[in-house]
Amino acid sequence: FPRRQVAVFVDGCFWHSCPEHGTRPKRNGDWWGAKLDTNIERDRRNNDRLIAAGWRVVRIWEHQSVHQAQMVWATVWVAADDMAPLSYSAATHSRST
């Protein structure tokens, strides 16, 4: 949402290694481990870059309910009028920077 400088990501539990539901395949485990670790690091870099540019970052896990996502969204949308950068993940197992 460029006008409010809010970036929203809905992260898949597998691809982004959700601490609650993310799994690591046993077959080709080294390759998958490196791939998933790279995804996590890219997410962190993207968060850092967006926050440095003045954006608010919202990350929601795919397993979260619509209600949980709406609560996070409402919090960040209202905060978007504030000048302070904000990174918010919609779970207790946050990846915010």
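**Grounds for the terms used**

Reply: The backbone nitrogen of tryptophan 61 lies 2.8 Å from a polar atom of the side chain of glutamine 64. The structure is a predicted model, and each value below is computed from it.

Me: What makes the pair tryptophan 61 and glutamine 64 a polar contact?

Reply: The cut-off for a polar contact is 3.5 Å between N or O atoms. The backbone nitrogen of tryptophan 61 and a polar atom of the glutamine 64 side chain are 2.8 Å apart, so the distance is within that cut-off.

Me: Where does glutamine 64 lie, and why is it called buried?

Reply: Glutamine 64 is part of the loop between β2 (56-61) and α2 (66-79). Its relative accessibility is 11%. Buried means under 20%, so glutamine 64 counts as buried.

Me: Why is the contact between arginine 59 and aspartate 11 called a salt bridge?

Reply: The N to O distance between their side chains is 2.9 Å. A salt bridge needs a side-chain nitrogen of Lys or Arg within 4 Å of a carboxyl oxygen of Asp or Glu, so this pair qualifies. Because arginine 59 lies in strand β2 and aspartate 11 in strand β1 (residues 6-11), the bridge ties together parts that are 48 residues apart in sequence.

Me: What makes arginine 59 and aspartate 11 buried, although their side chains meet in a salt bridge?

Reply: The term rests on accessible area: under 20% is buried. Arginine 59 has a relative accessible area of 3%, and aspartate 11 also has 3%; hence arginine 59 is buried, as is aspartate 11.

Me: How do you know that aspartate 43 belongs to a network with these residues?

Reply: Aspartate 43 and arginine 59 meet through their side chains at 3.8 Å, N to O, which is within the 4 Å cut-off for a salt bridge. Aspartate 43 lies in helix α1 and arginine 59 in strand β2, so this pair ties together parts 16 residues apart in sequence. Aspartate 43 and arginine 59 are both buried. Asp11, Asp43 and Arg59 are thus linked in a network of salt bridges.

Me: How many salt bridges are counted, and which one involves arginine 24?

Reply: The count is 3 salt bridges. Arginine 24 meets aspartate 37, side chain to side chain, at 2.7 Å, N to O. Arginine 24 lies in the loop between β1 and α1 (29-52) and aspartate 37 in helix α1, so the pair ties together parts that are 13 residues apart in sequence.

Me: Why are arginine 24 and aspartate 37 called partly exposed?

Reply: Arginine 24 has a relative accessible area of 41%, and aspartate 37 has a relative accessibility of 41%.

Me: What makes up the largest nonpolar core?

Reply: This core has 6 residues: Val6, Val58, Ile60, Ala69, Val72 and Val76. Two or more residues come from each of β2 and α2, and α2 gives the most, with 3 residues.

Me: Why is threonine 75 called partly exposed?

Reply: Threonine 75, found in helix α2, has a relative accessibility of 44%. This value lies between 20% and 50%, so the residue counts as partly exposed.

Terms used: Residues numbered from 1 in each chain as written. Predicted model: local features only at pLDDT ≥ 70, side-chain atom pairs only at ≥ 80, totals over all residues. Heavy atoms only, no water. Helix = DSSP H or I, 4+ residues; strand = E, 2+ residues; numbered from the N terminus. Buried < 20%, exposed > 50% of the residue type's maximum accessible area, 1.4 Å probe, protein only. Polar contact = N/O pair within 3.5 Å; in protein donor to acceptor, adjacent residues only side chain to side chain. Core = buried A, V, L, I, M, F, W, Y, C linked by side-chain atoms within 4.5 Å.
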